[in-house]
Amino acid sequence: MRRIAGLGLGPLLLAFAGACSTARPPSPIVLVHPPADPGGPPPDPVTADTVSVYAIRHLWLGDVDPVTGEPSTQAWRQLGFDIDGKATTKASRDVCTLAPGAPWDAQDDGNGGVDNGFGENVLPIIALAEGASFAQDLNDSIASGLVTDLLVVRGLGSPTTASPLSAELLVGAPLGATPSWSGTDVWPIDSSSVKDGDATQPLLAFGSSFVTGSVFVAEPPSGDGEIALGVFRGAPWVIPIRHVQVAMTLSADGSTATNGALSGLLPADRFLDVARRLAPTILSSLCGPDVWLSIAQQIEQSEDILLDGTNEPGQPCDAISIGLGFDAVRVQMGPVVDVAPLGDECPPPDAGP
């Protein structure tokens, strides 16, 4: 995790109940599975080297209904994809073993089998710590030009149909100014999202992507990297993720994208480490072993799937599924930059005095 200079520091988990995280709803399209590749036509040779960069402008985390724009404790059910191919309910037993003490509800899927344990189980935890402004503050930070995600599509000519394309998902470092969202913003890349600081070696890459019916799909499910949710009280929420899937509907001229869906898996152990590092940005008392262990236990009880994207009985769940909605705007790709890491002031519980 990294620190954004000059800003106050913020919470450990996520605000949920009653939050109003958007001023406008997206179009009411909910995908359970990304569309299938129609197989052609290939990109036009004239546009084969085209690089189209889309910066996420607005995120839906699961606290606001993506159709009505109203606060909802069930909004998470509409965000993400069916990762494991199962429509799991609290009565299901052909699934991985939940953490000790976790309620059966923790494995409940969303609409049509959508896997989103993050929206269902993690988001509500923060209401106890910080109130209901988390999602709106994250979006305000994106609107101010702080961290966001950059989806890079290579070879995109017509935004209607093309296959195959290549794509990558990068963490965008602070822009340094309020974005104009006019297509001219030059957004830098956080070096943590590429290998050895090389923009040509993204950690989250999709080599078999395509566009069909104006819907862009990043394929195959990819990688082991990070995504950015924005900044809350100075603390950038850049969290680990793998098995990422992305889809979004492109505008007629390809300048914007709506109905975005981003799905993936949070490795539970690494996500816990990120949460621990954020703990002292709220209160130093959260570093106390008893307090932290209680929070960690709640996060562990949110594990609902296996890290390889399957969900089989007889194995302990070790990942948290996540589903997000988004809108995006075309920007320009900036340089790779280093962002100072967030300090590690909260020792692990077994570190001793």
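This is a predicted model: local features need pLDDT of at least 70, side-chain atom pairs count only at pLDDT 80 or more; totals for chains, interfaces and linings use all residues.

Reader: Where does aspartate 224 fall, buried or exposed or in between?

Author: A residue is called buried under 20% relative accessible area and exposed over 50%. Aspartate 224 has 34%, which makes it partly exposed. Arginine 270 is also partly exposed, at 32%.

Reader: What joins the side chains of arginine 270 and aspartate 224?

Author: A salt bridge, with 2.6 Å from N to O. Next, look at where each partner sits. Arginine 270 belongs to helix H4 (residues 268–278) and aspartate 224 to strand E6, so the contact ties together parts that are 46 residues apart in sequence.

Reader: How many salt bridges does the structure hold?

Author: There are 4. One of them pairs arginine 77 with aspartate 108, at 2.8 Å from N to O. Both of these residues lie in the loop between E1 and helix H1 (117–122), 31 residues apart. Aspartate 108 counts as buried, at 18% relative accessibility.

Reader: Which residue forms a salt bridge with arginine 154?

Author: Glutamate 168, with the closest N and O atoms 2.8 Å apart. Here the link runs from strand E2, which holds arginine 154, to strand E3, which holds glutamate 168, and the two are 14 residues apart. Compare the accessibilities too: arginine 154 is partly exposed at 28%, whereas glutamate 168 is buried at 6%.

Reader: How should I read strand E3 itself?

Author: Of the 11 residues of E3 (residues 162–172), 9 are buried, so the strand is largely enclosed by the rest of the structure. As for its partners, E2 (residues 148–154) runs antiparallel to E3 and is joined to it by 7 bridges. Strand E5 (residues 205–212) is also antiparallel to E3, with 4 bridges between them.

Reader: Let us turn to a helix. Which residues of H3 are buried?

Author: In H3 (residues 134–143) they are Phe134, Ala135, Leu138, Asn139, Ser141 and Ile142. Now look down the helix axis: these residues fall within an arc of 155°, so they line one face of the helix.

Reader: What covers the buried residues of H3?

Author: The cover includes strands E1 (51–60), E2, E4 (186–190), E6 (215–232) and E7 (235–250).

Reader: What is the general idea behind a nonpolar core?

Author: In soluble globular proteins, nonpolar side chains tend to be buried together. In this model the largest nonpolar core has 64 residues, and Leu61, Phe118, Phe216, Leu229, Ile239 and Leu262 touch the most other members. E7 gives the most to this core, with 8 residues.

Reader: Which residues does leucine 262 touch?

Author: Setting aside residues up to four places away in sequence, its contacts include Leu169, Ile227, Ile241, Val244, Ile322 and Phe326. Gln245 and Gly323 are also among the residues that leucine 262 touches.

Reader: Is serine 302 buried or exposed?

Author: Serine 302 is buried, with a relative accessible area of 2%. It sits in the loop between helix H5 (289–300) and strand E9 (319–337). Beyond its neighbours within four places in sequence, serine 302 is in contact with Asn121, Val122, Ile125 and Ile320.

Reader: How does the whole protein read?

Author: The protein has 5 helices and 9 strands, in the order β-α-α-α-β-β-β-β-β-β-β-α-α-β along the sequence. Of its 353 residues, 55% are buried. The protein exposes about 13400 Å², with carbon and sulfur atoms supplying 54% of that area. Finally, take contacts between residues at least 6 apart in sequence: 74% of them join residues at least 24 apart.

Terms used
Residues are numbered from 1 along each chain as its sequence is written. Side-chain values use heavy atoms; hydrogens and water are left out. Buried means under 20% relative accessible area, exposed over 50%, partly exposed in between (1.4 Å probe, protein chains only). Contact means heavy atoms within 4.5 Å. Accessible areas come from the Shrake-Rupley method with a 1.4 Å probe; for residues, only the protein chains shown count as cover. Two strands pair if DSSP finds at least two bridges between them. The arc is that of the directions from the helix axis to the C-beta atoms. A nonpolar core is a set of buried Ala, Val, Leu, Ile, Met, Phe, Trp, Tyr and Cys residues joined through side-chain atoms within 4.5 Å.
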